[in-house]
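Subject: Structure handover

Dear colleague,

Here is the structure we spoke of. My notes on it follow below.

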Amino acid sequence: MSKLVHPEPEGVAAGNGYSHVVTGPGQWVAVAGQVALDADGNFVGVGDPAAQARQVFANLDACLKAAGATFADVVKLNFYVTDIAHLPAVRTARDEYVDTANPPASTAVQVAALFKPEALLEIEAYAVI
C-alpha cells in the first residue's frame, strides 16, 4: 500500500488526470527522461506516438523496478512532446501504469525537438519509496 498523500490544495481547480501535489516519506528516486528505445538502442514506433508511449512507459517501469520502486511510488511525471496532439496517446499508455484515482503530479510541455528526430516524446519520473 502506498504511503503517498495527494492533498487537494484549497483555491486551486482540480487537475484533469493529474494531482497538483503528491508527498510522502521515504527515499527519493529520479528517473532520467526515457524515449522509445528498446534494449538494443533501436527506436520503437517511429512516427507512431502510441507505440512510442507504450515503449517509454515500459522503460520507465524497468527503471523504477531497478530502484526498488513501482508506479505506485511515482510522485511526478514530466512529459516532453514534439506535438501536444500526442498527449491522448501518452495518457492512454500512462493509464495502464498509474492509479488514475490518485495520479502523480504532472507537467506536459511541447518542445521544438528532442535529441533525435525519431523521438516524439520523452518522459521523466520522480518517485518516493
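The largest nonpolar core has 23 residues, and those touching the most other members are Phe57, Leu60, Leu77, Val90, Leu121 and Ile123. A nonpolar core here is a set of buried Ala, Val, Leu, Ile, Met, Phe, Trp, Tyr and Cys residues joined through side-chain atoms within 4.5 Å. Buried means under 20% relative accessible area, exposed means over 50%, and partly exposed is in between (1.4 Å probe, protein chains only). Two or more residues of this core come from each of strand S1 (28-34), helix H1 (49-66), strand S2 (74-81), helix H2 (87-94) and strand S4 (121-128). H1 gives the largest share, five residues. Helices (H or I, at least four residues) and strands (E, at least two) are DSSP runs, numbered from the N terminus. There is also a second, separate core of five residues, with Leu4, Val75, Ala105 and Val128 among them.

Before going on, the basis of these notes: this is a predicted model, in which local features need pLDDT of at least 70 and side-chain atom pairs count only at pLDDT 80 or more, while totals for chains, interfaces and linings use all residues. Residues are numbered from 1 along each chain as its sequence is written, and side-chain values use heavy atoms, with hydrogens and water left out.

Phe57 is buried, with a relative accessible area of 0%. Not counting residues up to four places away in sequence, Phe57 touches Phe71, Leu77, Phe79, Val90, Ala93, Arg94, Tyr97 and Ile123; contact means heavy atoms within 4.5 Å.

Leu77, in strand S2, is likewise buried, at a relative accessible area of 0%. With the residues up to four places away in sequence again left out, Leu77 touches Phe57, Arg94, Val98, Pro104, Ala105, Ser106, Thr107, Ile123, Glu124 and Ala125. Leu77 and Ala30 are 47 residues apart in sequence, and 10 Å separates them in space, C-alpha to C-alpha.

Aromatic pairs

The count comes to five aromatic pairs. Rings of Phe, Tyr and Trp (its six-membered ring) pair if their centres lie within 6.5 Å; planes under 30 degrees apart count as stacked, over 60 as edge-to-face and the rest as tilted. One of the pairs is Phe57 with Tyr97, which is stacked at 5.8 Å centre to centre and 20° between the planes. This pair links distant parts of the chain, 40 residues apart: Phe57 is in helix H1, and Tyr97 is in the loop between H2 and strand S3 (105-110). Tyr97 is partly exposed, with a relative accessible area of 28%. Phe57, Phe71 and Tyr97 form one aromatic cluster.

The largest pocket

The largest pocket has a volume of about 240 Å³. Of its 15 lining residues, Pro7, Glu8, Gly15, Tyr18 and Ser19 are the closest to its centre. On a 1 Å grid over the protein atoms alone, a pocket is an open set of points where a 1.4 Å probe fits, with protein on both sides within 12 Å along at least five of seven lines; lining residues have an atom within 4 Å of a point. Grid points are joined across faces, edges and corners, and the volume is the space filled by probe spheres set on the points. The lining divides into nine nonpolar, five polar and one charged residue. Ala, Val, Leu, Ile, Met, Phe, Trp, Tyr, Cys and Pro count as nonpolar, Asp, Glu, Lys and Arg as charged, and the others, Gly among them, as polar.

Glu8 lies in the segment before S1 and counts as exposed, at 77% relative accessibility.

Regards
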